[in-house]
Amino acid sequence: MLRPSYSDLMKVVNSEVEPGEERVVSSRYSIVMATSKRARQIIAGHEPMIRVKPGEKPLSVAVEELRQSKIRILGDEEETETAQETIGQAGQE
């Protein structure tokens, strides 16, 4: 069994959502995609944002980072805004 559970991780991710707003994560798929993407970043050399035990696997590190709110999952609108800001900044250089 996965510890923490998917439902626990979904609660952490959605904890900052105000009542009446759309949840950031509504399925396990989003959790799996986010943690796998972060695990690939760690494998590629990005520094973990938590203390890592010797032999701990990148996916376990990514799950724990998500549980501790060290990383967050962006909603579709936030991803679009971030991409537009990045494009705008690149055009100014």
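Modeller: Let's start with the elements: helices (H or I, at least four residues) and strands (E, at least two) are DSSP runs, numbered from the N terminus. Arg38, for one, lies in helix α2. This is a predicted model, where local features need pLDDT of at least 70 and side-chain atom pairs count only at pLDDT 80 or more, while totals for chains, interfaces and linings use all residues. Residues are numbered from 1 along each chain as its sequence is written, and side-chain values use heavy atoms, leaving out hydrogens and water.

Biologist: Is Arg38 buried or exposed?

Modeller: Buried means under 20% relative accessible area, exposed over 50%, partly exposed in between (1.4 Å probe, protein chains only). Arg38 has a relative accessible area of 5%, so Arg38 is buried.

Biologist: Which residues does Arg38 touch?

Modeller: Contact means heavy atoms within 4.5 Å. Leaving aside residues up to four places away in sequence, Arg38 touches His46, Glu47, Pro48, Met49, Ala62, Glu65 and Ile71.

Biologist: At what angle do α1 and α2 pack?

Modeller: Axes are lines fitted to C-alpha atoms, for helices over the stretch in contact, and angles run from 0 to 180 degrees between N-to-C directions. Helix α1 (residues 6-13) packs against helix α2 (residues 28-43) at about 80°, their axes 10 Å apart. That makes α1 roughly perpendicular to α2 (65 to 115 degrees). On the α1 side, Tyr6, Leu9, Met10 and Val13 meet Arg28, Ile31 and Val32 of α2.

Biologist: Which residues form the largest nonpolar core?

Modeller: Such a core is a set of buried Ala, Val, Leu, Ile, Met, Phe, Trp, Tyr and Cys residues joined through side-chain atoms within 4.5 Å. Here the largest has 10 residues: Leu9, Met10, Val13, Val25, Ile31, Ala34, Val63, Leu66, Ile71 and Ile73. Helix α1 gives the most to this core, with 3 residues.

Conventions:
Parallel < 35°, antiparallel > 145°, perpendicular 65-115°, else oblique.
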